[in-house]
Every structure is written in C-alpha cells, then in structure tokens.
Amino acid sequence: MTISGKAALITGAASGIGRAIAEVFAGAGARVCIADISIDAAQQAAAQIAATYDVKACAVEMDVSDESQVSAGFDAMAAQLGSVDILVSNAGIQIISPLVDLKYEDWKRLMAIHADGAFLTTRAAMRKMIAQGNGGAVIYMGSVHSHQASPLKAPYVTAKHGLLGLAKVVAKEGAEHRIRANVICPGFVRTPLVDKQIPEQARTLGITEAEVVKNVMLKETVDGEFTTAHDVAQTALFLAGFDTAALTGQSITVSHGWHMQ
Ligand code: NAD
C-alpha cells in the first residue's frame, strides 16, 4: 500500500492542512499538484515541495467553485504530471455568524466552495480516473462538524455533513472503476482558518480568546490538545494508499477524542 509514483491533486494546498498533505504525499514519493485560488502561494508551495522532496510538483490556479477553472486545472495537472490518481478535496472557508443574522450571500459563498467545489473536483477527477483505467482515491476534508453541530456555523456544518453523503455515492458509483472515496473529520487544527475565527467567536460569544480555545474549541477533547495538520496528513496518506474497496464510503475522525463514532 503505497502512493509512490501516483499523482495527487490537493485543493486549498497553498496553506494549512492541504499544504501538510502535499508535503507528506511528496515525502512518500507522489507527484503533487497544488490547486488553490491563491496562485502565487500555490506556486511557492510547489517550488518548495519539488526542491525538498525531489518529486515533480506543479501549481494550478483553481477556484473550486468555478466549473471552467476546475476543468482546466485538471487538464493542466494531467499534462504536467501525466495522470490523476488521487484527489484531496480540501479547500474551504469558515463564516461565523448566528443563523438569524447570516446573509444569504454568505450562505451561498460557503456552500459554493465546500459543496459545489467538492462536486466539481470529484466529477473532473473521476472522469480522468475512469479514462485512465487504473482506479483512484478521493478524499474529502470533512470535520467533526460532519457529525455534530456547533452554534454560529450553520452553512459549514451543513456542507460538512453533506460530504459524507457525497463520499458514499462516489464509493458506490466508483466501485466498478476501482475508485474509493472517504472523508477525514479533523478536530480543531491551528491554521489561518482557525486563527481567524478565535477573535470572531470571542466577540460573538462575549468571552476572551483564551476561553474560546479552552472552553469552546478543545473542551470536549480527551487531553485539551489541538489536532495537528501532520496528524491529518498522515490519515490522508493512509487512506490514499489503502488500495482495496474494503475501506470506502467511510469517515475517520481525527480529533483527540472530541468526537467518538
Ligand atoms: P486554510 O485557510 O489554512 O487553507 C485553506 C486554503 O484553501 C487556502 O490556501 C485558500 O487559499 C484555499 N481556498 C479558499 N477558497 C478557495 C477556493 N474557492 N478555491 C480553491 N482554494 C481555495 O484552512 P485549513 O484550516 O487548512 O482548512 C482546510 C480544510 O480543512 C477546509 O475544508 C476546512 O473546512 C477543513 N478543516 C479545518 C479544520 C481546522 O481546524 N483548521 C478542522 C476541520 C476541517
């Protein structure tokens, strides 16, 4: 069970969890495509990864909610890296707001990135994988919020729950093509996405930032620890390399015991 020699497209890989996954995959001998809306950061990441791990790495500009950019990005990746064997649908944002105050445009913006983006990248990846005939792995970046709710996160919780359904359909439709689909559900990881919401939650809940970390984010963990991007990347490596349909349509939670299935 190895991903050495495989080609992986990781969305949102210019930063945070996606970046860590790209590094771990490259360290395991995979070719990686950094797909991100922020092309400068994506190019920098690809150059650093290629130099550090001595593998082919490329960057593509991709807003995952834009159908033509997704399609062009997969074509560019296939041209540069030779194949599409693994998709990690990871790009995401967070919007903190009570539901009654949430603007419809903000609901639609979050759903476009998380739900439409997962669909568009899955469709593009599956088309390539089916044409290649070598199977493939699709991994969705879910969240503990794929299984349980928190206040102030209505669109995020809705979209993350939805990824479980999408993965199950891809597991069923992909089986005859040896395409597997699974979801990783991390607890809180200190990335820019989380750093931004600490002061936002403190303001909305009327508590200090330290209280947000201790009493909101890490309260239900077994040890008061953040999950790390490396923890999540190791789980992605395991799922990407697990090459039978014994493990498909599943979700794995990586959260220091915050959520137990
Ligand atoms: P991050 O903000 O560090 O990175 C997100 C990346 O996505 C950035 O590089 C950004 O440019 C990119 N991006 C944003 N919109 C995009 C779009 N429309 N198209 C393409 N790229 C886009 O965030 P992160 O914490 O690494 O989050 C990555 C994923 O992990 C998200 O799906 C998030 O919901 C999920 N997640 C994060 C945590 C956490 O605690 N950080 C926990 C559970 C799940």
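Guide: Threonine 221 sits in the loop that links helix H7 (209–217) to helix H8 (229–241). Helices here are DSSP runs of H or I with at least four residues, numbered from the N terminus. This is a predicted model, in which local features need pLDDT of at least 70 and side-chain atom pairs count only at pLDDT 80 or more, while totals for chains, interfaces and linings use all residues. Residues are numbered from 1 along each chain as its sequence is written, and side-chain values use heavy atoms, with hydrogens and water left out.

Threonine 221 counts as buried, because its relative accessibility is 11%. Buried means under 20% relative accessible area, exposed over 50%, and partly exposed in between, with a 1.4 Å probe and protein chains only. The side chain of threonine 221 reaches the backbone oxygen of leucine 218 at 2.8 Å. Leaving out residues up to four places away in sequence, threonine 221 touches Ser255, His256, Gly257 and Trp258. Contact means heavy atoms within 4.5 Å.

H7 packs against helix H6 (residues 192–205) at an angle of about 95°, with the axes 9 Å apart. Axes are lines fitted to C-alpha atoms, for helices over the stretch in contact, and angles run from 0 to 180 degrees between N-to-C directions. H6 and H7 are therefore roughly perpendicular to each other. Angles of 65 to 115 degrees count as roughly perpendicular, under 35 as roughly parallel, over 145 as roughly antiparallel, and the rest as oblique. From H6, the contact residues include Val194, Ile198 and Leu205; from H7, they include Val212, Val216 and Met217. By class, this contact of H6 with H7 has 9 nonpolar, 2 polar and 1 charged residues. Ala, Val, Leu, Ile, Met, Phe, Trp, Tyr, Cys and Pro count as nonpolar, Asp, Glu, Lys and Arg as charged, and the others, Gly among them, as polar.

Valine 24, in helix H1 (residues 16–27), touches His230, Ala233, Gln234 and Leu237, not counting residues up to four places away in sequence. The C-alpha atoms of valine 24 and alanine 233 are separated by 6.3 Å, yet the two residues are 209 residues apart along the chain. Valine 24 is buried, with a relative accessible area of 12%.

One more helix pair. The axes of helix H4 (residues 104–132) and helix H5 (residues 154–174) come within 9 Å and cross at roughly 15°. That makes H4 roughly parallel to H5.

Note on methods: Helices (H or I, at least four residues) and strands (E, at least two) are DSSP runs, numbered from the N terminus. A polar contact is a pair of N or O atoms within 3.5 Å; within protein, one must be able to donate a hydrogen and the other to accept it, and residues adjacent in sequence count only if both atoms are side-chain atoms.
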